[in-house]
Structure formats: C-alpha cells, structure tokens
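Visitor: Hello! I would like to learn how to read a structure like this one, feature by feature. Could you show me around?

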Amino acid sequence: SITKLWSPMLFLHFFVFILSIFSVAADSGFIRYSEVKGKPYSITYDERSFLINGDRTLLLSGTVHYPRIVPEMWKSVLQEAVKDGLNLVQTYVFWNLHEPQRGQEYNFEGRANLTRFIEVAASVGLFVNLRIGPFVAAEWSYGGLPAWINQVPGIELRSNNSVWEMEMGRFVRDITTIVKPFLARNGGPVILAQIENEYRWEDSAYIKWCGELVQSLSLDIPWMMCNGHSASNTINTFNGNDGAKYAEEHHGSFPGQPLAWTEDEGWFQSWSKVPMTTRDNRPPEEMAYVILKWFARGACHHNYYMWYGGCNFGREGGNAITQMYANGVNFHSDFQPNLPKQAHLQKMYHLLAVLGDTLLSSPSQVDNSVQLPYYNNETKKFENGTKQFAYIYQFNSNKVTFLENDAVKDITVLYNGHTFYLPKQSVSLLDKSDTVLFNSGILEGHQNYTRTYQATKVLDQAKWQSWYDPMNFTEVVKARYPLEQLSLTLDTTDYLYYITELDWEEKAEQVEITIGTQNGMGFLVFVDGLYQCEIDDHVHFWNPTLNVSGNITLSPGKHSLIFLSVAMGMITRVTPTVFNFRGITSGVFLDRYNITEGTWFHQVGLFGEKKQIYTPQGHATVQWEDAVPTGKPLTWYSAYFPKPALKDGLSLVLKLSSMSRGHVFLNGFDLGRYWSIQIDGVFVQQWYFVPTSLLNDDNLLVLLDEYGSGNPKEIDLYYTQVVPA
C-alpha cells in the first residue's frame, strides 16, 4: 500500500528528531559555533565536506546583510535564524559604506559596525561567512564600490590593472586586519571568506592575483569564489535557483573541493516589476525540492540568499531597486515570517541537521543514483522510470534515502518493496526504516495566510507643514556641455541641477525632449522655472546608451531649461573597464536639435538636504507653512506624532500610497526611497517598515516629495502581522 506521509506515528517520530537537535554532539555532522566558542579551532575541507577540528559538519546558512537592518534588531534577527536551523550566517562587506570618501577614516558606526555584527552572531551560536568582495553586486548601489573609484587615474575595474589591484588589495587587507580577532584560530566565529563575486570574464591574470592576495593574508580559513571563475586555492561555489546540474559536474571540474551553494536566490523587487510573484516569492515546495536535490547529490553547504533581506535604507539600494529588499524570502522585509514558506523550510533544515552525521559519513552518491520503477496509470503496472531516482546514504546501522521525482506530474514509485507517493517535482526524505520524514512538495499544517493591517492613528491629529525647496543657483559649476553627475556629487546626494538657456525659433509648442543617460535615472524638467514633466527609466538593468524622452511646451523665444537629475541608485552589475555614470551621460535633444554643446551650469543637491531639515535640529532652520497638497515639485512635508504602543509579534509600517516619489525620514533617519508607482494596478510598494528602535516619545516625520503631488494627511502608521487566513 502507498506509504502514508503524515501519520500520527510520523508526527511523533519527527518531534523526537527535532528535540534531539538541541543535544547534538560536536561530531554529529552539524556543529554550532557555541560548541567551539572561545577556544582556537581549525576549519578545513576535503571533497566531502568542511571539517571543524577534524569533525565533519553540514553548514546550513542564510544571508543577512548587517546594514540592511538597524543594529538594535541584529540579535533578534539572528536568534530567529538559529530557530530556523541555521548554524552559519553569510554577509557581504560593503566598501562604499565603510569608505565613502577615499583616504578618510573608515566608517564602522551604527549599521556599519561590522565587528559588532560578528560579535552578535557569535553570541547566538552562529558561524560567519564574510564575503569581502569588494565588488558584491547585492542589488546595492554600485555593487558596493565607492563612487570615488571612478575618479582614480588609470583605473580599470575588476581586472588585471595595477591601480585597481592596489585599491582592492588595500581595502581587503584593512578589513581582514579588523576581523582577525574573530577568526577560527582565535576562537571566533569567522570560518569562511569570499574574494571577488560572480567573476565570469576571461582575465586569468586577475583571477590568479585574487588567489595570491588571499594566500598572502594567511587567515587559516577557506576562501570561496562564486558563480564563475575561481583561483586554484579557492573553493568554486554555485549561485542560482537549482544546483543539481552543477552538483553533477562539480567533482569532475573541481576535484578535492566540497559542494557549496552560496546563493539560493530569493530574488528582489524593482520599481518596474509587479512584486511578490513566483519569481521573487518562490513557492516553498519548489525551494525545498531543489535544496533536497542538492544534498542528495553530496552537498555539505547551502545558503539562502536572502534568509532575511531587510530594507534599503537611505540611498543604499541599487538602480531602480525598491526600499524593501528580497521581500519574498523566509522573512519579509518587516520581519514578519513568510508563511507557510518559513515553516516548511525550517522543518527541512532541522531534519538535515539531524541527519548530517549519516550523510557526511558516507561518500557522495552523486554518481550512484538508483532508477526507480513508477506506476503507469495507463498500463496499470510498474515500469522503469527515467525521472525518478533514489540516492542512498548509509553508515553503520543508519541510513538516509532521498526519493526524487523530477517529472512534472505526481508519481507513485516502488522502492525496497514499498510504494511511495511523490508529488510532481518533489523529494522525500526517508530514515533507516524507510519511514517518510519529509516531502518537499507537501505542506504540513496551515497553508493559507494573510496580512492584517490596523491603523495606529497616531498621525490623525498631526499638524502637517510644508516647505518648497527653492531653485536658487548660487554655487554653480560652469561647463561647455553637461557634466556627468558623479564627477560633481561623488554620490553624496541623489540630486544634480543642470541649467542652460536657448533661443527657440520653431513654431511647434509641443516639443519632445530626449536625454542620454543610464538605467535607474529620473529627470524633472522645468521651463522658465515652471515644472513641465518628469521622465525616467526605472528598470533594474544596465544600458550605457539609454535615452529617455518626454514632452514639454516651448513657445518661440528665449527660455531657461532646468533639469533636476534624480539618481535612483547606482548600477549594481559592474563589468571590467566599464564605469557606471549618473545624470546626463550623452546628448540632449529638443526634437531633432542637439543642444548638448553650449553653456551649462550645474548645482549639487537640494537646499533642504544641505540644511538637514529632516532632522529635529535642521527642521527649525526654515519657515514651514501649514500643509495642503500643493502639486508643486520638491515639496517637503513634516509632522510630529507620539509614539504608538508597541505590541509583541506585530511590526510597524508606514503607508505612503498617497505620496508621489521621494525620501522619507524618521527622527533624522532616512528610511529610504518611496514611490507610489503601480504596475497593472498593483502598487510595487506602499508599506514601509519602521524599526521600533527609531521611535521616540515624540517623533518627527519628514518627506521630500519630488513631484509634490502627494497628500501627507492620508499617511498613517500601521500595525501589521501575518496570520492564518
């Protein structure tokens, strides 16, 4: 008879397994940092696994980026990671966060406090994988590279270029010096590191140099290079959504190296895509399926990218990336669990931890799969299958079997004289008695969840005020053509004014204006000081020759043209020898007329930014007026509100769908860019997470609304929670 997957006995069996995980010994195949904490230990590897003090261990990992979370949340976030079955946390190191200006003292304050994050990870029992890069991609502005790198004479990015290698080497050495006290040999949690990131270009000299650099650092931990070329002394690792093919080729391509998956992609949201589809909110059944296929093929390491994405605060998100980051992974950006996915994957990770000793004590079975007979409903008999396999791991009296169905339909298979039901594209985990412990395609317990939102009403009585950012051009830079934005701003602001004059002789009043730029740019266009239109590209991509166009009204005669350039993050995919630019990067045309050459003036930033009117101190430096929706671009809005009551299990979010586009600040902290853009009638993002640690008894909320068409009186702070439907 077909095996029943979730019998009462199985529930008991599973419960005992989960309980046992909390008393796993150091040689069990799943080691936590808490078991070796405070004493020097070794981290090595062979083709089967990583070894801690010579004992094999699974590394069940998830990515958390320290600057995408406020420090007050680090501990609670990482404690939840442990509850989800992780023993390793993975993070990038962000060069432009730590060294925004060349030669100045490194920034390790607040969200940039890297060593404090490592200490918190250690305190909850997690090992750490430090991906230093320093190019990291990560949907982070310029892939983590500082904007000043563009201005270094003679530099060619990510290549065998002595100037690049000097700058990269300096940063990597400085970071590794700082984290040395936290290395395994010093009893700390850092057991892995990564150099470069997803390097696919044919530059063997540079790849070799990366290997020589990490060798010279003598950290006594393994180094990785992911999703591309790798130096001979680094571990080549996989990034993607399904690593089965990579796993099957890995031992032949990289002999002596363990099978590690650095990025099981949770994907992200951009302003040009409908959010939370199967692309950026992958189904739990599919994720569990590919993970179990991975371990069936002899893997010892797996990492969710992301496990928790957090938020793109300030100006840190990449071009056209939303403020919420990786909202569809195990935990949403407001740190509500993504159910039922989070519960399903938690159970799987815990089971893998318990089974780790048997798995790692056996050789990889990647080349020893057994084809399984399946029941053909048409012939009414079992036949040899081509998409159903068993991978059997046995050590002493223990055994773990993976039954895999790669067909796109449900199947019944025959194994060891028993029949097993396998949903389409699923894997079942069996113990030594052939009891099914888990099937990737079957969600246990409650499956339907929804969101609740309850207004706090703390802004109901708020007195909203407004202030218009003036266009007073007193600190201009003159040139014969439009200058590239970063050369003037050094990425210290999103905004750069371009000002020029022209004598228009055409009779046509409706004129098409075309601006040469790159992806993730917007422009507010003014004629004679009056707002005409906004044109933008909000696609997360890289196109060095992109044109954006819009229409303005232009009568014959002399006019001033003003373009406010709005950089919505920098490109995140940095290729060798090609720089990312912002603002006007090529020609400017009015219909067929090229107006690029002439007299151009440039002014950096907005006055409200310079006065920091979003802070309690700077707020008092301008004359605010009672706010009404103005429709005037570049309007700042502000209001004070009391602290709402905090409730366990609930998150706080701002609803900003009544506003247009801009930045939102709470007590001087830039929560990030908002935009009430809709795709097919769906808001890409209208809820913005508010970490409770940012709240005071009395709070200042400030918004810079770029279009000025928003209505702040409809803003409120809400409680939200994921609950059973």
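Visitor: Let me start with a pair of strands: which residue in β13 stands opposite Y374?

Guide: In β13, the residue opposite Y374 is E383. Before we go on, please note that this is a predicted model, in which local features need pLDDT of at least 70 and side-chain atom pairs count only at pLDDT 80 or more, while totals for chains, interfaces and linings use all residues. Residues are numbered from 1 along each chain as its sequence is written, and side-chain values use heavy atoms, with hydrogens and water left out.

Visitor: How should I think about strand pairing, and in which sense do β12 and β13 pair?

Guide: Strands of a sheet pair through backbone hydrogen bonds, either parallel or antiparallel. Here two strands count as paired if DSSP finds at least two bridges between them. Strands (E, at least two residues) and helices (H or I, at least four residues) are DSSP runs, numbered from the N terminus. β12 (residues 370–376) and β13 (residues 381–395) pair in the antiparallel sense over 6 bridges. Their hairpin has 4 residues between the strands, and K380 takes a positive phi near 60° there.

Visitor: How many residues lie between β13 and β14 in their hairpin?

Guide: That hairpin has 2 residues between its strands, and N396 in the turn has a positive phi of about 55°. β13 and β14 (residues 398–405) are antiparallel partners over 8 bridges, with F395 opposite N398 of β14.

Visitor: Now for whole sheets. In what order do the strands of the barrel run?

Guide: The barrel is closed by 8 strands in the order β4-β5-β6-β7-β8-β9-β10-β11, with parallel pairing. Neighbouring strands in this sheet are turned by 30° against each other on average, direction ignored. As one example, β4 (residues 59–64) and β5 (residues 88–92) pair in the parallel sense over 3 bridges, and G62 has V89 in β5 as its bridge partner.

Visitor: And which strands stand at the edges of the open sheet?

Guide: First the order: 4 strands form an open sheet as β19-β40-β33-β38, and the pairing is antiparallel. At its edges stand β19 (449–455) and β38 (687–689), each with a single partner strand, so one side of each is left without a neighbour in the sheet. On average, neighbouring strands of this sheet are turned by 40° against each other, direction ignored. Within this sheet, β33 (residues 651–655) and β40 (residues 716–724) pair over 5 bridges in the antiparallel sense, and K655 stands opposite D716 in β40.

Visitor: Let us turn to helices. At what angle do α2 and α4 pack?

Guide: Two packed helices are described by the angle between their axes and the distance between the axes. The axes are lines fitted to C-alpha atoms, for helices over the stretch in contact, and angles run from 0 to 180 degrees between N-to-C directions. Helix α2 (residues 74–83) packs against helix α4 (residues 114–123) at an angle of about 40°, with the axes 9 Å apart. That makes α2 oblique to α4; angles under 35 degrees count as roughly parallel, over 145 as roughly antiparallel, 65 to 115 as roughly perpendicular and the rest as oblique.

Visitor: Which residues of α2 meet α4?

Guide: W74, K75 and L78 in α2 meet R116, F117, V120, A121 and S123 in α4, where contact means heavy atoms within 4.5 Å. α2 also lies across β4, β5 and β11 (301–308), running at about 140° to β11.

Visitor: How far apart do the axes of α5 and α6 come?

Guide: The axes of α5 (residues 162–179) and α6 (residues 204–217) come within 11 Å and cross at roughly 30°. That makes α5 roughly parallel to α6.
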